[in-house]
Structure formats: structure tokens, C-alpha cells
Amino acid sequence: MVDIPIDEVRDIPPAEVADVELYHPRSWWTRYVFCQDAKVIAVQYSITAMAIGLVALVLSWLMRLQLGFPGTFSFIDPSQYLQFITMHGMIMVIYLLTALFLGGFGNYLIPLMVGARDMVFPYVNMLSYWVYLLAVIVLAATFFVPGGPTGAGWTLYPPQAILSGTPGQDWGIVLMLASLILFIIGFTMGGLNYVVTVLQARTRGMTLMRMPLTVWGIFTATVMALLAFPALFVASVMLLLDRLLGTSFFMPTLVEMGQLTKYGGGSPILFQHLFWFFGHPEVYIVALPAFGIISDLISVHARKNIFGYRMMVWAIVAIGALSFVVWAHHMYVSGMHPYFGFFFATTTLIIAIPTAIKVYNWVLTLWRGDIHLTVPMLYALAFIITFVNGGLTGLFLGNVVVDVPLSDTMFVVAHFHMVMGIAPIMAVFGGIYHWYPKVTGRMLNEALGKFHFWVTFLGAYAIFFPMHYLGLLGVPRRYHDIGDTAFIPASAHDLNAFMSVAALIVGFAQLVFVFNMIWSLTKGKEAGGNPWGATSLEWQTPETPPGHGNWGKELPIVYRWAYDYSVPGAKRDFVPQNEPPAGLLAQGAHP
Amino acid sequence: MSAVVLYMAGLAAIAGWWLSQQRLASKPWLEEGLAADLREESLSSPPAAKVGLGVFLAVAGALFALLISAYSMRTNMADWRSLPVPRLLWVNTGVLVISSIALHWAYMAVRRNDLDNVIVGLVVGGASAVTFLIGQLLVWHQLDVSGYFLAKNPANAFFYLITATHGLHLIGGLVALGRTIAKVWRGVELIRLRLSVELCAIYWHFLLLVWLVLLGLLTGWTDDFVNICRQLLT
């Protein structure tokens with residue numbers, strides 16, 4: 001980086017944005033509902049995502065009730081069980097996590113962290129939310145149409161996804177695909193905003209290498225999502241045509257209920273390639289923002305600069321690039337040339353390197369740090385543990401010979417819940433406890449937060465840790481009732497009952513969190529502008545919550561990176577990014 | 001999936017080149033003070049809308065690359081019966097080329113502040129794009145009449161899907177072009193139109209390029225090309 005020596009800089013002109021460029025709400029409707037302010041859109045995205053996420057949570061309860069106490073709940077029949085599985089997976093992965101990380105955290109944090117007044121295309125940004133909401137409504141509508149939602153599994157594999165016998169064959173699958181298409185259109189609008197805002201709207205002095213890692217994570221994840229979602233888009237459109245117009249993109253010649261279908265010659269494997277070309281990057285679309293958020297949480301709450309910032313950035317970029325060449329490791333049992341399996345196993349294991357670098361760097365950041373066990377920090381620590389846990393089982397499943405016997409067992413379910421269920425949710429909670437004071441001006445209640453943390457963290461392990469063992473025993477996934485299978489011991493049933501009780505408790509703990517968010521809105525402790533003593537720009541806004549346009553008259557100027565904590569000789573244990581160096585202050589620059 | 005992997009590799013090369021210009025090897029923890037920002041060094045920093053369009057084109061390109069991948073995976077199967085290429089397709093291609101040239105003409109004119117030629121370029125460009133779309137519908141009609149229904153063979157299904165996707169992108173472009181023409185109508189200063197016209201022209205060139213690639217694919221030219229590449233590699 002070319003640095004201008006400090007004493008050469010006499011007067012720094014503040015970067016100003018002409019007032020006309022900024023969108024101004026004129027009425028209650030445009031201020032709170034059809035609002036183009038990224039902060040309002042972020043809150044809208046978050047609330048919608050969490051609301052539909054609670055539906056998926058209830059679905060997981062119903063599944064656990066059936067698995068833990070088979071035969072007790074007569075209202076859960078095998079079709080419904082499959083529908084619960086499908087909707088739970090789809091909602092959690094796409095409509096909750098993707099929308100919350102990119103639409104929620106992305107919209108709120110990107111403009112504030114890079115020192116912009118708003119996203120660059122506010123109108124398109126608003127449209128993005130409303131299309132997303134429409135997608136969620138279409139998705140939720142499938143619960144009420146004849147035949148109910150689709151039960152094809154969240155991967156929607158043809159041919160079974162659109163054949164009779166699969167629940168929701170009439171309406172469910174059609175609306176599901178329509179909802180996905182809408183979601184992708186909506187996301188593309190938002191994603192363009194996030195990327196271009198990071199590229200074009202950074203404030204003066206905010207070079208790429210001074211951006212907080214949260215922005216790096218969300219930025220890279222958005223680029224990946226923009227390129228990966230078209231694969232799901234193509235697959236959804238083609239499957240929809242197969243279902244509605246009788247084309248045979250994916251549908252082979254087959255006999256259904258004794259009748260030869262009208263389909264012929266299509267390739268189900270083609271769907272799998274398209275689906276996983278989206279599906280694998282999706283794992284990292286959810287993980288990279290979590291990586292970024294965790295890096296920032298750890299640095300702030302351990303009062304220490306992030307260890308190996310450059311490595312962290314390079315690792316994010318490397319993971320983003322590599323994640324596009326590993327998709328077929330989800331298809332080891334679909335039948336493929338052994339050399340392909342070898343290739344994809346190799347690339348899969350290579351991703352472990354940049355990921356491990358990140359884990360080492362988090363641990364080294366904590367090393368001899370001044371660790372404050374605040375709620376965000378607890379969640380960050382839980383994330384590291386859970387992610388390592390899920391990552392290690394990923395090494396098992398990434399190898400063809402180990403994957404083949406474990407495929408379609410509960411081991412896989414345990415693995416992906418650890419790595420892209422629990423771990424990202426830990427980052428989401430950590431992020432919410434950390435940034436809630438900025439969004440609302442009030443702190444979340446700490447005692448309730450700690451209760452929520454311990455129940456969620458220990459409870460999640462009570463659910464998913466034993467699940468690995470069930471998988472090794474050979475308990476299959478997606479089965480409504482395993483019954484008296486010879487190779488499954490009776491103790492597996494007891495374990496299932498235990499896990500179901502844990503799942504119910506964890507679910508109820510989330511109500512404490514929802515209560516905390518609502519209660520603290522008016523009753524929480526006043527937070528002030530910068531309750532955690534953090535350096536990044538969003539904590540330096542003139543108002544809390546940040547007003548319209550984020551910054552007062554002038555945009556902030558950035559003089560340093562985002563991780564100046566516990567700097568020797570500094571007045572406080574943190575130096576905000578926009579605090580001028582001592583030499584400049586003496587010359588009367590804007591503080 | 002080789003087409004889309006190649007496409008992603010191309011994008012990765014562009015992203016890598018861009019990142020290599022961003023001083024990713026700097027040590028931000030040692031650098032205090034007002035760092036020079038690359039965007040300020042280069043005075044010709046593109047406006048946000050242009051960068052936005054560029055990102056969108058990358059996304060749309062990925063969509064088409066995926067369709068091409070799916071197409072080429074599917075062609076190798078036994079039941080594939082290629083479509084005849086209607087002669088009208090060549091006429092349509094010519095019309096789309098004219099459309100692209102007309103918009104480029106408008107772009108050149110807007111840079112010279114030549115209002116008359118801007119109007120001519122935009123209107124001719126829009127009209128020929130609409131003609132192209134009508135022509136595509138006629139092609140569909142011809143195929144339908146001669147019995148090449150959508151669901152009859154995967155080749156037909158892919159033909160309709162790919163032309164429809166391209167056509168929908170062109171319709172989206174026509175919305176933007178219509179707004180630009182409306183601005184000219186309302187008498188907005190040419191200086192402020194420059195960007196809109198330029199973006200329309202870029203988008204049209206992109207869609208023309210995509211169409212030529214798709215045409216090569218649908219008429220089977222690319223098969224020969226791919227075969228040559230394959231022989232070179234093996």
C-alpha cells in the first residue's frame with residue numbers, strides 16, 4: 001500500500017455525497033414499509049427470515065417427536081414426515097440462513113462498515129426484499145394447498161420429486177419451485193447491491209485491506225451466491241417444465257403405478273450436477289459470513305487484533321474459489337467414474353487447508369487475549385468448537401471409501417447440522433447479541449442471553465452428538481419409523497427419545513430469545529453509541545440507532561484497519577478506524 | 001459441466017487479476033494514516049451503475065453457461081434427435097446484429113451530443129429488437145406446425161428453453177431501453193443520458209454475443225469446434 005506520510009497531509013477534504021442522491025422517505029409508508037433505507041430493509045429481512053425459521057423449528061419438533069416416540073403421535077403419517085423433512089431443510093438453508101446472513105446482516109452492516117450512506121441502488125434493494133417476501137409467502141402457502149407441501153427431500157431429486165406417490169405432487173412441488181425461482185430473482189437484486197456497494201461506495205481511506213472481516217465474508221459469499229444460484233434457477237425451471245409441460249430434461253423413461261409415463265430419456269444425474277453446483281457453494285455462502293462475523297466478535301471481545309488478517313482474507317477468497325470445484329462429493333453414490341471421485345475427494349480435502357488456517361487464527365487471536373465472556377463471545381467460542389467438530393466429520397465424508405457406507409445414514413445428518421446448522425446459527429445469535437445495541441440503541445438482557453446460550457449450545461450437542469453414533473450404527477436418514485431392524489439395537493431407540501427431549505428443550509429456549517428481543521426493545525439497558533468499545537465504523541455513527549444517511553454531514557475518513565485493540569501507548573484499549581493519527585490531530589484535522 | 005467450469009475459471013481469472021491490483025499483500029496493521037485509495041488514483045473510475053451492470057452480466061453469463069452445460073450433457077444421450085434449423089433463424093440473427101449496431105450508433109451519437117442520431121439509434125435499436133422477438137416467435141410457430149413440439153424430444157425442449165431465456169433477457173433490456181427513450185422524449189439533457197445509452201448498448205452487445213454462442217450450439221457448429229479441442233487435448 002502506498003502510504004502518504006502523515007506530515008504531508010495538511011487538510012483532508014471530507015468525502016461528501018450530494019444530498020440529491022439520497023433517498024428521503026416522505027410518509028409513514030415509505031419510512032417503515034416500502035422503505036429504501038438499507039437498515040430498514042435489513043430489519044425487514046431479518047424478521048421475515050426468523051419468522052419462517054420458527055416454522056421450520058416447529059417442523060423439526062414434529063420430526064423429533066416421531067423419531068423419538070414412534071407410533072405415539074398418530075397425526076404424523078409417513079407422508080407428513082417427509083413433508084416436514086423437506087420443508088425444514090429448505091427453509092433453514094435458504095429462506096432463513098441465506099436471507100438472514102446476506103439480506104439481514106449484509107444490508108445492515110455493509111453500508112455502515114464501509115462508511116457509505118446507503119446501498120448504491122436503494123430502489124432495487126427494496127424490491128429485493130419484497131420479492132423475497134413473496135417467495136416466503138408462496139412457500140408458506142404450500143402448507144395449505146391440496147396435497148400439502150412437497151415431500152421430495154430438500155434436494156428435490158427427480159424423478160421421484162414429481163412422480164405420484166411423493167407427497168405434494170400436485171401443488172406442493174410446483175409452488176416450491178416457483179418460490180425458489182422468486183427467491184433467486186429477489187436475491188440477485190439484493191446481491192448486486194451488496195457487491196457494488198463494497199466495490200464503489202467505500203469511504204475515503206477504506207481500502208479493501210482495511211475492511212472488517214465481516215464485510216469480506218459477506219462480500220465473498222454474495223459473489224458466490226450470485227454465481228451459484230443460477231444453477232438452482234436453471235434446475236428449478238427445467239424441473240418445473242418437466243412437471244407442468246411434460247418435457248423430459250430430467251425424467252427418464254419409467255413406469256409409474258404400472259403405467260408407462262409420457263417421459264423418456266431424461267437424465268436425473270443432470271439435475272444432481274446442477275443442484276449441487278449450487279448446493280455446495282451454498283454451504284460456504286452460509287459459512288463465510290459466519291466466519292467474518294466470528295472474526296470480528298472474537299477480536300472485539302478478546303480486546304486483541306485479529307491474528308493474521310491477511311491470511312484470513314486470502315483464506316476467505318480461496319475458500320470461495322475452491323467451493324466451486326467440489327460439488328460432486330455430494331454424488332459419490334450416484335455412480336461416477338472413479339477418477340472423478342478421486343478428483344472431487346482431493347479438492348474437498350484441499351478446502352480443509354484455508355478453513356484450518358482460519359480456525360488456527362481464531363484460536364491464536366484468543367491466545368493471551370483479554371477474553372470477556374459476554375454473550376456474543378460465548379457464541380463465538382461455541383461456533384469455533386462446533387465448526388471444528390462438523391469440519392472433522394467432513395473429512396470422513398469427503399473420502400469416497402468412507403462416504404459410501406455412511407451415505408444416507410444419520411451420520412450425514414449429524415455432520416451437516418453441526419457444520420451448517422448449529423455453527424452458522426451460533427454466528428447468527430452472536431451477531432444479533434453483538435449488533436442489537438446498534439440497531440435498537442438498547443442492550444439485550446445478559447442473564448436471559450446466557451440462559452439462552454447454555455441451553456442452546458449444550459442442547460444442540462445433546463441432539464447432534466449422539467446422532468453421529470446412530471449413523472455409525474447404520475440408522476438411515478429420512479425414515480419415518482425404523483421399527484425392529486435387526487442391526488439396530490434397542491438402545492438406539494432410547495437415544496432417539498433422549499435427543500427428542502433435548503430438541504424440545506432447545507426449541508423452547510428460542511422463545512426466551514424472542515422474548516428477550518421484544519422485551520429489550522423498550523426495557524433494555526441504554527446502550528450508548530459504542531457499548532463494546534469496538535473500532536469498526538458502524539460503532540462510530542453520530543446517532544444510535546444510526547439516522548437516515550448513517551453519517552451526519554460528512555462521511556467518516558478511515559485512517560487505520562479495523563483491529564487496533566490494546567495498542568501499546570494508546571489512551572484507550574481501542575482506536576476507532578476514523579480516529580486521526582496523533583500527528584494529524586495536532587494540525588487540527590476533524591476528529 | 002465443462003462449459004460452466006470453464007466460464008467460472010474465466011471469471012476467477014478476472015477476479016484474480018482484479019484482486020492482484022488491490023494490494024492484498026499489504027500489512028494494514030502497520031499502516032496508519034490516509035492510505036491512497038485505488039479508486040481515487042484512477043480518475044476514470046466507472047460509475048456504480050456500470051459496475052452493477054458488469055456484475056449482472058457475469059450472473060446472466062453464468063445462467064447461459066449452465067444451460068449450455070446441461071445441453072451438452074444431454075446431447076450425448078441416445079434419444080437425442082436434432083432439430084432442423086429454420087432459415088428464419090438466420091434472418092433473426094441479422095436483425096439482432098442490426099439492433100446492436102443501432103444502439104452502438106446511439107452511443108457514439110450521445111458522446112457527440114448529437115440528439116437526432118441518438119433518437120434514430122435508440123428507436124431503430126428498439127424496433128429491430130422487437131422484430132427479433134417476433135421473428136423468434138415465428139420460428140417457434142414454424143417448428144410447432146412441423147411437429148417439433150416442446151415435449152416431444154429433449155432437443156426441442158432445450159431449443160425452446162434456451163431461446164425463451166434469451167428472449168426474456170432481451171425483453172428486460174427493452175424495458176430499460178424504453179425508459180431511456182422516454183427520458184429523451186421528456187427532453188432530459190443528453191449529458192445525463194450518456195450513461196443510460198451506454199449501458200443499453202453494452203447489454204445489447206452482450207445479448208448478441210450470447211445469441212451467437214447459442215446459435216452455434218443449436219446449429220451444431222460448436223460440436224466440430226469441441227471435437228477439435230478434444231483431439232488437441234488427447
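Reader: What makes B:S128 count as buried?

Author: This is a predicted model, and the call comes from counting neighbours in it. B:S128 has 22 other C-beta atoms within 10 Å. The cut-off for buried is 20 or more. Therefore B:S128 is buried.

Reader: Where does B:S128 lie, and what does B:S128 touch?

Author: B:S128 belongs to helix α5 of chain B, residues 115-145. Leaving out residues up to four places away in sequence, B:S128 touches B:V95, B:I98, B:S99 and B:A102. Take B:S99 from that list. B:S99 and B:S128 are 29 residues apart in sequence, but their C-alpha atoms are 5.2 Å apart in space.

Reader: Staying in chain B, why are α6(B) and α7(B) called roughly antiparallel?

Author: Their axes cross at roughly 165° and come within 10 Å. Angles over 145 degrees count as roughly antiparallel. So α6(B) is roughly antiparallel to α7(B). The crossing of the two is left-handed.

Reader: Which residues meet there?

Author: From α6(B) come B:F159, B:I162, B:H166 and B:H169, among others. From α7(B) come residues including B:L193, B:S196, B:V197 and B:C200. By class, the contact of α6(B) with α7(B) has 16 nonpolar, five polar and one charged residues.

Reader: How do you know that α2(A) and α3(A) are roughly antiparallel?

Author: Look at the angle again. Helix α2 of chain A, residues 38-68, packs against helix α3 of chain A, residues 78-114, at about 155°. Over 145 degrees is the cut-off. The pair is therefore roughly antiparallel. Their axes are 8 Å apart, and α2(A) passes α3(A) in a left-handed crossing. The residues of this contact divide into 23 nonpolar, eight polar and one charged.

Reader: What makes α10(A) and α13(A) roughly parallel?

Author: Helix α10 of chain A spans residues 375-398, and helix α13 of chain A spans residues 446-473. They pack at an angle of about 10°, with axes 10 Å apart. Angles under 35 degrees count as roughly parallel. So α10(A) and α13(A) are roughly parallel to each other. On the α10(A) side are A:V375, A:L378, A:Y379, A:A382 and A:T393. On the α13(A) side are A:E446, A:G449, A:K450, A:F453, A:F457 and A:H468. Six residues of the contact are nonpolar, three polar and two charged.

Reader: How do you know that the size of chain A agrees with a compact globule?

Author: For 591 residues, a compact globule would have one near 25 Å. Chain A has 25 Å, so the value agrees. Along the principal axes, its C-alpha atoms fill a box of roughly 85 × 50 × 50 Å.

Reader: How many helices and strands does chain A have, and what share of its residues is buried?

Author: Chain A has 15 helices and two strands. Of its 591 residues, 55% count as buried. Contacts also reach along the sequence. Among those in chain A with a separation of 6 or more, 81% join residues 24 or more positions apart.

Conventions
Residues numbered from 1 in each chain as written. Chains lettered and ligands numbered in written order. Predicted model: local features only at pLDDT ≥ 70, side-chain atom pairs only at ≥ 80, totals over all residues. Axes fitted to C-alpha atoms, helices over the stretch in contact; angles between N-to-C directions. Helix = DSSP H or I, 4+ residues; strand = E, 2+ residues; numbered from the N terminus. Parallel < 35°, antiparallel > 145°, perpendicular 65-115°, else oblique. Left-handed = near helix turned anticlockwise from the far one by under 90°. Nonpolar A, V, L, I, M, F, W, Y, C, P; charged D, E, K, R; others polar. Contact = placed C-beta atoms within 7 Å. Rg over C-alpha atoms; globule rule 2.2 N^0.38 Å. Buried ≥ 20, exposed ≤ 12 C-beta atoms within 10 Å, placed from the backbone.
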